Each structure stands twice: as C-alpha cells, then as structure tokens.
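Have a look at it before reading on.

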Amino acid sequence: MFYAVVLAGGSGTRFWPKSRRHQPKQLLDILGTSPLIKQTLDRLEGLFTPEKILVVTQAEQVESLRRHIELPDENILTEPEARNTAAAIGLAALEIQRRLASDAVMAVLPSDHHITDPDVFLKTLLIAKEVARQNYLVAIGIRPRYPETGYGYIELGEPLSDIGYQGIYRVKSFVEKPNMTRAAQFISAGSHLWNSGTFIWRIETFLEALRRHLPKLYAGLKQIEQAQMEPSVLAQIYPALPQISVDYGVLERADNRAVVVGDYGWSDVGSWAALGELLEKDEWGNVKRGEVVQLDCSQSILYSDQALIAAIGLHEMIVVSSGDAVLICPREKAQEVRKLVEQLEKRNLSQYL
C-alpha cells in the first residue's frame, strides 16, 4: 500500500501580512489559481485515492482547512500543539500502522509547494517508492538553479546503480541552510541538491529510525497509539513531545539514506521574492497583483488585496498591502520577514498576526 501524508501545520510567516494565524500560507491563493493545499491534493489524484491521503494540521487551522479540501474526517489528523515535523510524521505513521497497513510506504509531502509538471512528480514518487522498499529513508532532491540560502541541501554520495533507475544516490550528508558563500560553492561543485522536503519510506523503516534516534518522542507516540488515538490522551501527551524536525532528529543521524533526483519544476514558494520566478512580470520585471500604479519601478513585487499601491522609483523592492498591514522591504531581505513577525509577537501586536 502507498499512503500520502501532507503536512499542513505551518504558519507560513514569510508571507506575512497576507498569511495570518487563521490563514496560513497553505490556504492562500498566492499564485492566482487555487489555495496551495488544494493544488497539492489535486496533483496526488493520479496516484492516491482520498482514503490513502492523510493531512496533519494544527487544531486552530482545522476549520479553515476543511473549507478547501475534501477528505474523510478521519484522514485529517489534528495536532493539539505544533511539535515540528518529526512528531507530525510519527503520528501519521502510527495511524497508518493502526489501520493494519504496517507494510505500507508513506510519501511525506509539504502542503504549500508549487510543481509545474505533476506527471513527472508522480513518476518520481513511484521510483522513490521502489527505493524505499529496500529499507532506505528516501528524500527527493532538486538540482539547484542558483545559490539559495533559504533551503537545506543534500550532499550526494555514491550512485545506487543496483535499484534499476538513474538519478538515485546514497546521501553523504544533510546540510542546514548555508550562507551565500557556501551555497555558491555547492553550486559550483555540483555535489549538492536542494532538499525539497518530500520524503518516502516504509512505515516500519521510519518507526525503527524514530525509535533509535528519538526514543523519547517514539515512546510518547506509542502511548498515544496504545490509547487508540484517544483525543484526551493525545492532548495530554503530544504537547510534551520533543520539538524537533525530522531532518535534524532522524535523517542527519541515520545511515540508510538515499536521494532521488526530482526534475518536475519545483518551488517551495518560500518568500515574496519567489513570486518573481512564478508569476508573470511586466516589461520592467515587476510582479503586480491587485490595484497597482507604478512609475519607474523595476524587478519589484507589488501586491495588494484591496488598497491601491502607487509606487515611484522602486528597484528590487517588495510592497505588500493586505488587510490592516503593509510590508515594505528589499527583495534580498525577503527571507527576514519571519524575523519581523517574531518582533510583532515580542511587542504583543497579536492583532496583526
């Protein structure tokens, strides 16, 4: 059996002020077609039935999420509190195992990425599934197009030629988000891929890795499973689980790691600056959404929900007007919007979050 687990608990703070706590990034129509989570589920239709798709989200986002997706209620797993990806994936793995599918393979997918070639994406998942059957923890890596400091990287080891497909390697290391100098070195050497955040593994292989590398988290999840996912037990135990990513907690420590190269037009839509790659630009390189009037502007992102944006002489800038807030920053500072949101929290300006 093959299950898809979609992680939809993130707040998407890098898209503030468009993204808010009640309207996180995965629920936004950033690209002008449909919410990102709906795009994610739509492209899974050719490979997974709705019964084989699970979505993990936070309690405060469940109602908003239900307005955008159509899945059986029991396939929406609710975290009482966000504990990062290791706990979320572990919860989903135990739920699949509880459904008498212990030999299943699970594909773990972010809910808020953009893919231009869904057919190639699904074929890549099927290849990764075959690799996972050999008891590997499999990541999908993307050949980097430019040095990017907002992504993690995967360092390639030797090819896994005995699997029967091209573009499959052992993983030498997982690398946290590098600085620009190091990212440029990765590109020049051709030895690293972007970590797309998409993983595939057998349920039993992953749970064994969780038991070995994160025993406290594993023990807590087993208590929840033994209580048949009883909501009161989940609410008591889950918030006390270690808050750690699957990358750092499991993948950086395991030795049975593999990576499949994906070439399907991937973007994590990770910041306002990323829209410059994905949306149509005017003759001066500006991305404009909403009511915008500009004079002598170039290579800028000008985005408004309602209010008119009137801009003069901006170059490589971001201006976003949404609801009761306005963001203005250079494009090169787009990754720092998250830090700005942290400042709003520290200053108790929760009405803008």
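The points below go through the cores, some helices and one hairpin.

1. First, the ground rules. This is a predicted model, where local features need pLDDT of at least 70, side-chain atom pairs count only at pLDDT 80 or more, and totals for chains, interfaces and linings use all residues. Residues are numbered from 1 along each chain as its sequence is written, and side-chain values use heavy atoms, with hydrogens and water left out.

2. Start with the largest nonpolar core, which has 52 residues. Such a core is a set of buried Ala, Val, Leu, Ile, Met, Phe, Trp, Tyr and Cys residues joined through side-chain atoms within 4.5 Å; buried means under 20% relative accessible area with a 1.4 Å probe, protein chains only. Helix H3 (residues 84-98) supplies the largest share of this core, nine residues. Another core, of 42 residues, lies apart from it, and Ile37 and Ala258 are among its members.

3. Met106 is one of the residues with the most contacts inside the 52-residue core. Leaving aside residues up to four places away in sequence, Met106 touches Phe2, Ile96 and Trp201, among others (contact means heavy atoms within 4.5 Å).

4. How do H3 and H6 pack? Their axes, lines fitted to C-alpha atoms over the stretch in contact, are 10 Å apart at an angle of about 135 degrees. H3 and H6 are therefore oblique to each other, as angles under 35 degrees count as roughly parallel, over 145 as roughly antiparallel, 65 to 115 as roughly perpendicular and the rest as oblique. Residues making the contact include Ile89 and Ala93 of H3 and Phe206 and Leu210 of H6.

5. His213 lies in H6 (residues 203-213) and counts as buried, at 16% relative accessibility. Beyond its sequence neighbours up to four places away, His213 touches Gly249, Val250, Arg253 and Ala254.

6. Is helix H1 (residues 36-44) enclosed or open? Seven of its nine residues are buried, so H1 is largely enclosed by the rest of the structure. Strand S1 (2-7) and helix H4 (118-132) are included in what covers those buried residues.

7. Last, the hairpin. Strands S16 (residues 317-322) and S17 run antiparallel and are joined by six bridges, with Ile318 opposite Cys329 in S17. Two residues sit between the strands, and Gly323 takes a positive phi near 60 degrees. S17 (residues 325-330) has a covered face of Ala325, Leu327 and Cys329, and an uncovered one of Val326, Ile328 and Pro330.

Key
Buried means under 20% relative accessible area, exposed over 50%, partly exposed in between (1.4 Å probe, protein chains only). Helices (H or I, at least four residues) and strands (E, at least two) are DSSP runs, numbered from the N terminus. Two strands pair if DSSP finds at least two bridges between them. Axes are lines fitted to C-alpha atoms, for helices over the stretch in contact, and angles run from 0 to 180 degrees between N-to-C directions.
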